[in-house]
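Please walk me through this structure.

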Amino acid sequence: CDLNYYGPLCNKFCRARDDFFGHFSCNLSGSKVCMEGWTGPECKEAVCKQGCHQSHGFCSEPGECKCHYGWKGPLCDQCVTFPGCVYGSCTEPWQCVCDVNWGGLLCNKDLNYCGNHQPCKNGGTCTNTEPNEYQCECQEGFRGRNCDIAVRQCDRSPCGHGASCQEIPGGFRCLCPPGWTGRTCQLDANECEVSVCIHAHSCHNLIGGYLCDCLPGWVGPNCDIRNSSCQDLCQNNGHCEDLVSGSRCVCPPGFSGTYCQNAPRPCEGAPCLHGGQCVETAGTSATCICPAGYSGNLCERALDLCDPNPCQQG
């Protein structure tokens, strides 16, 4: 048979082509064999992408999947929602079926604003009122649309007896001075219950305070200070000695007085020997008047009465 003719009588025409009019080759009997990706009697129909929706998709080239108007997606199996639809879906093109807790024509009205946004702060209770609307019920100490504004409880001076006020979440706290207790420091505290008096006979509770009856030798509001009244007061190298009933200065020899302030007198202790007479001069020094036969500052030296020789005429 001549070129492009087939069959026993060479009367069957078939010419391979790959253009707008077809995409095929010819077999030995002259039948058209479509190229890969093409189908149909003339091999002019493209085979679309696998899975492409038969009704909502089409193709002009093999492996394509073009969507008809109103449909989208890689396989053209997703409908297009109404323009502007926010929280909605569709089963047919141009629908806007709202998701749960959403409403309105475009499904953009939040029907559960409280659950989705939790606008109420500081423990406030939220209530959905209308689409996109809510109302907060605030805890004590807070106000505002979202309960985010703290009310200053201390501005009304709730604490008594000079206590300082401190703002805390949901209210205030009073820092009571000694002697007072309670939420607003209005109650007298019984300090004696916590044994504030250390070395004392007894403790007496007073309004806003207490009084300790200290044991001998102890002083201070709590009877915890040792009574050392002579501490650092003893003079002339005297030292302070603590006693059960108080304290006293122990003076060095010759000194006397409460604080050892009195120095010894010059003639104290009879410094003159051998019967010499002690005479104080100016209150700070002494002179010894020695008896016959003695001399020296303290009459300590015996004299030789024969030297010089008092006897005359040899």
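His161 is partly exposed, with a relative accessible area of 40%. Here buried means under 20% relative accessible area, exposed means over 50%, and partly exposed lies in between (1.4 Å probe, protein chains only). His161 sits in the loop between strand S19 (149-150) and strand S20 (164-168). Strands (E, at least two residues) and helices (H or I, at least four) are DSSP runs, numbered from the N terminus. The backbone of His161 has a positive phi of about 55 degrees, although His161 is not a glycine. Most residues other than glycine have a negative phi.

This is a predicted model: local features need pLDDT of at least 70, side-chain atom pairs count only at pLDDT 80 or more, and totals for chains, interfaces and linings use all residues. Residues are numbered from 1 along each chain as its sequence is written, and side-chain values use heavy atoms, with hydrogens and water left out.

Now take Cys260. Cys260 also has a positive phi, about 60 degrees, and is not a glycine. Its loop runs between strand S29 (246-250) and strand S30 (277-281). Is Cys260 buried or exposed? Cys260 is buried, with a relative accessible area of 0%.

Gly103 belongs to strand S14 (residues 102-103). Gly103 is buried, and its relative accessible area is 11%. Which residues does Gly103 contact, leaving aside neighbours within four places in sequence? They are Cys98, Asn108, Lys109 and Leu111. Contact means heavy atoms within 4.5 Å. Pro131 is 28 residues from Gly103 in sequence, yet their C-alpha atoms are 7.3 Å apart in space.

Ser295 lies in strand S32 (residues 294-295). Ser295 is buried, at 16% relative accessible area. Not counting residues up to four places away in sequence, Ser295 touches Cys290, Glu300, Arg301 and Leu303.

Step back to the records. UniProt, in an unreviewed entry, lists "domain: DSL" for residues 1-43. Over residues 1-43 the chain is 40% strand and 0% helix, and the end C-alpha atoms are 24 Å apart. The UniProt annotation "domain: EGF-like", also from an unreviewed entry, covers residues 110-148, 150-186, 188-224, 226-261 and 263-300. UniProt positions are given in the numbering used here, feature names are shortened, and annotations may be inferred rather than shown by experiment. Take two of these spans. Residues 110-148 are 13% helix and 28% strand, with end C-alpha atoms 22 Å apart. Residues 188-224 are 0% helix and 43% strand, and their end C-alpha atoms lie 23 Å apart.

What does the whole chain look like?

Contacts and burial come next. Among contacts between residues at least 6 apart in sequence, 12% join residues at least 24 apart. Buried residues make up 22% of the 314 residues.
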